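Dear colleague,

I am handing over the structure we talked about, and you will find it directly below. My notes on what was found in it follow after that.

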Amino acid sequence: MIANLASNFKSEIFIERISDGMRANAKSVFGVMMLAAPKGTVLKIEAEGEDAEEAVKALVELINRGFDED
Amino acid sequence: MKTEGYLFGKSIVGGKGEGYVVKLKDVKINGDIFSHLEKISRELKSGDDIISQFVAGLLEDNLFKERLRKVLDLGFDVETSIKLAIKPLIDRLKSENPQFAYRAQEIEEIFSQLGYLSLLNFEGGKNYVFVGETVSVALALKLKKEGFKGCIVKHLKRDSHSALILSNAGIPTIVGIDPENLKEGEYVYLDGDLGIVSREPISSEGEEKQRRGYNFRTKRGEEVEILLNLDFPDDIYWVKRFSTGVGLFRTEYIFFFEEEIERLKNFSDVEPKVIIRAFDVGGDKFGGDRDPLRLLGDMLPKFDRLLDTVKSSKNFHIMIPMISFPEQAKEFYDYVVVKKGIENLGFMVETPMSVRYLEEIQNYAKFLSVGTNDLWSLYTGKSRGSSDIREQVNERFGEVLKEILQKSKVPVSVCGALVSDEEGLKFLLKLGYRSFSVSPSFFVRAVEIVEDFDG
């Protein structure tokens, strides 16, 4: 879901796992899965490009909504 | 009605189906793997489940494709390259977090099948039943799309995504049947509720009911008890289906998933009994002076928890395997019967020493059960599973089994794989055994053999 959503934006988007600094391209399913981040993991989302702000906001909202799983 | 031509498996998806057998022709891909993967990805996207969408996403992922291209460039074949390309993700998910380990295994299984182009050979316009080793997610979607009327496989996990797709599609599915038993193009009937496959229309429920119960009679009117060998709390399904008891509930699974011990209470009303076998205490490896309870070590609290469950119903019996010496039996008697107040204690007879000391061992038991698998293995030095089960049908092993029967003063049953074999069961009946525990897939046939027995 993260990779799908991230792919809608033009910006480069990265997700970093704070505990060990591991970074992944948010548009890559493979990359995001490599983070192996269960519930409770502290993540940093970075974006660079013309729609960076909207991209970060959309991803944070998706995570805060619990990935719409409820 | 005879069920000799029936094949018995386990229900994964209920319902009835019939059609011509179609088998998979696996062709190894060595051409343009990327266009093959794109095709699979498109098929997966037509599915409505999350895992299909997720795998499709992975297949289209540039990072995955880049890794795959690099490995292919190193000269590996397609199958190996796919496995190597996905390996870092699998390893990471497996090692990083136990929550992800199961998912990782599932992804690994799906990817291990991607190096093959799966060809289903059928004309269309008729009813078809798929027969194979297993069903991948992509293939399950294909069966759904093509309107298959049934699915018969050797392996498939009930909670796998392939099984969920088949269930959503309403395709009756049976697991546990070797595809070698069915030929391409022959017409078969399957009952997904009962887990039965036949070349003739399957009998009505009324006839099926005749094969229910736990006491049956030979032609000469001798009573024979037939119970089931089970592994999982969910296997209560088999007990209800055949209205019989459990002669061997193996505990390997529930000891790994301790919370499952509690679910054994679902069996508390099962008649005539449920014999729960505890774990191997190593009685075959140590002398009689060793303390088997101490050998349990960290397992002791789990054993106690199991005993609490056993105590909750008069139908529950506890059985200790791998006992060799009377001292070991006494120690368990003191712990289980005297200290815990559980009367239904029994032992497995599955080591040569336990046969030798049977008269003394049984002083501490309410019942005995012969474990033919280990007994045969320990007598002959052959490893379990490496030899044909019918090798056990011979005079010398027969003498050992007869000795056990002659020495036994408490009820004795047999629960090894030999019982779930036609020749094996006839052999045991001839030796004089009258109480058995069989695998569920053999239950109906076992009843027929007993009712036909005229010895």
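Setting aside its neighbours within four places in sequence, B:Asp159 is in contact with B:Tyr102, B:Glu106 and B:Leu164. Please keep in mind throughout that this is a predicted model. B:Asp159 lies in the loop that joins strand 6 (150–153) to helix 7 (161–168) of chain B, and its relative accessibility of 47% falls between the cut-offs of 20% and 50%, so B:Asp159 counts as partly exposed. The C-alpha atom of B:Asp159 is separated by 9.2 Å from that of B:Ile12, although these two residues are 147 residues apart along the chain.

Two cysteines of chain B may also be of interest to you. B:Cys151 has a relative accessibility of 0% and therefore counts as buried, and B:Cys415, at 4%, likewise counts as buried, because the cut-off for a buried residue is under 20%. As for disulfides, a search of the whole structure, over all chains, finds 0 of them.

Turning to the interface, 14 residues of chain A are in contact with 18 residues of chain B, and the area buried between chain A and chain B is about 1200 Å², with carbon and sulfur atoms giving 75% of that area. Across this interface of chain A and chain B the rule finds 0 salt bridges, whereas the count of residue pairs in polar contact between the two chains, with both residues at pLDDT 80 or more, is 4. On the side of chain A that touches chain B, the element that gives the most is helix 2 (residues 29–34) of chain A, with 5 residues. Sorted by class, that side of chain A has 9 nonpolar, 2 polar and 3 charged residues.

Finally, some remarks on chain A taken by itself. Its secondary structure comes to 3 helices and 3 strands, and from the N terminus on, the elements of chain A follow the order α-β-β-α-β-α. Chain A has 70 residues, of which buried residues make up 39%.

With best regards

How values were computed: Residues are numbered from 1 along each chain as its sequence is written. Chains are lettered from A and ligands numbered from 1 in the order in which they are written. This is a predicted model: local features need pLDDT of at least 70, side-chain atom pairs count only at pLDDT 80 or more; totals for chains, interfaces and linings use all residues. Side-chain values use heavy atoms; hydrogens and water are left out. Contact means heavy atoms within 4.5 Å. Buried area is the accessible area (1.4 Å probe) that two parts lose on being put together, summed over both. A salt bridge is a side-chain nitrogen of Lys or Arg within 4 Å of a carboxyl oxygen of Asp or Glu. A polar contact is a pair of N or O atoms within 3.5 Å; within protein, one must be able to donate a hydrogen and the other to accept it, and residues adjacent in sequence count only if both atoms are side-chain atoms. Helices (H or I, at least four residues) and strands (E, at least two) are DSSP runs, numbered from the N terminus. Ala, Val, Leu, Ile, Met, Phe, Trp, Tyr, Cys and Pro count as nonpolar, Asp, Glu, Lys and Arg as charged, and the others, Gly among them, as polar. A disulfide is a pair of cysteine sulfur atoms within 2.5 Å. Buried means under 20% relative accessible area, exposed over 50%, partly exposed in between (1.4 Å probe, protein chains only).
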